[in-house]
Amino acid sequence: MLGLKLPTDPRWVNIVEKNIEDILTDHAFCEQKAASTAMSLIVSFPEYTDLVQEMIALVKEEISHFKMVHDKLLERGWTLGRDRKDDYVNQLLKFFPKGGSRTTQLVHRLLYAALIEARSCERFRLLSEELKDKELAEFYRKLMVSEANHYTMFLKFARQYGDRKEVDDKWQKLLDYEADIMKDLSKHQTVHG
């Protein structure tokens with residue numbers, strides 16, 4: 001369903017299990033960044049009313065997810081650590097050239113968001129199925145469903161605002177590029193790394 005070209009190596013969960021505090025901290029910041037992305041789309045493209053309406057709802061949902069992850073940290077006696085750079089996202093954002101029309105910029109941002117959500121969904125599914133900590137596994141199962149909905153929403157908007165054939169071609173090329181990025185990742189206790 002997600003269309004990812006390279007699945008995460010299941011051994012990534014072993015790294016996560018040894019570093020639960022790190023993954024929860026990274027996850028909290030991912031949720032905060034997702035809320036920020038939705039806000040940024042509202043600010044940058046206010047004329048797309050249907051997008052703005054969906055992004056308002058997404059901001060609320062993502063910030064509630066941030067709180068849920070933050071609460072998990074607190075329940076375990078930890079505090080939110082510092083944000084770290086996200087190599088996955090930084091590499092991903094190099095794919096599309098800068099500039100172009102407003103519509104092109106919007107489509108590119110929507111495709112990036114769709115892919116980040118798809119990878120998050122895939123990682124959350126893996127955590128829900130493989131974590132020995134059953135309470136945390138159930139937590140990730142619930143979040144996985146939301147991420148799948150976000151992925152499809154962003155992709156739908158990209159196809160709505162751009163030329164469908166062109167958008168689908170860009171999407172496939174972005175998926176190929178992302179698969180290359182993933183070959184060097186899955187070695188860290190981060191959501192995407």
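Predicted model: local features only at pLDDT ≥ 70, side-chain atom pairs only at ≥ 80, totals over all residues.
**View 1. Helix 6 from end to end.**
This helix covers residues 134-161, which is 28 residues in all. From its first C-alpha to its last it reaches 41 Å, close to the 40 Å you'd expect at 1.5 Å a residue. Take a look at the start of helix 6, too: a side-chain oxygen of Asp 133 comes to within 3.2 Å of the backbone nitrogen of Glu 135.

**View 2. Helix 2 against helix 3.**
Here helix 2 (residues 20-44) packs with helix 3 (residues 49-75), their axes coming within 8 Å and crossing at roughly 165°. Angles over 145 degrees count as roughly antiparallel, so that is the label for helix 2 and helix 3. The crossing is left-handed. What sort of residues make up the contact of helix 2 with helix 3? Sorted by class, there are 17 nonpolar, 4 polar and 4 charged ones.

**View 3. Phe 66 and its contacts.**
Phe 66 sits in helix 3. Set aside its neighbours within four places in sequence, and Phe 66 is in contact with Ala 28, Glu 31, Gln 32 and Leu 80. Leu 126 is 60 residues from Phe 66 along the chain, and the C-alpha atoms of those two are separated by 20 Å.

**View 4. Helix 2 meets helix 6.**
The axes of helix 2 and helix 6 come within 14 Å and cross at roughly 25°. The pair is therefore roughly parallel, and the crossing is left-handed. Which residues do the meeting? On the helix 2 side they are Ile 20, Leu 24, His 27, Glu 31 and Leu 41. Helix 6 brings Leu 136, Phe 139, Tyr 140, Leu 143, Glu 147 and Phe 154. By class, that contact has 8 nonpolar, 1 polar and 2 charged residues.

**View 5. Helix 6 and helix 7.**
Helix 7 runs over residues 164-183, and its axis comes within 9 Å of the helix 6 axis, with a crossing angle of roughly 135°. That makes helix 6 oblique to helix 7. Tyr 151, Leu 155, Ala 158 and Arg 159 in helix 6 meet Arg 164, Val 167, Asp 168 and Trp 171 in helix 7. How many of the residues in this contact are charged? The count is 3, alongside 5 nonpolar and no polar residues.

Technical notes
Residues numbered from 1 in each chain as written. Heavy atoms only, no water. Helix = DSSP H or I, 4+ residues; strand = E, 2+ residues; numbered from the N terminus. Expected span 1.5 Å × (residues − 1). Polar contact = N/O pair within 3.5 Å; in protein donor to acceptor, adjacent residues only side chain to side chain. Axes fitted to C-alpha atoms, helices over the stretch in contact; angles between N-to-C directions. Parallel < 35°, antiparallel > 145°, perpendicular 65-115°, else oblique. Left-handed = near helix turned anticlockwise from the far one by under 90°. Nonpolar A, V, L, I, M, F, W, Y, C, P; charged D, E, K, R; others polar. Contact = heavy atoms within 4.5 Å.
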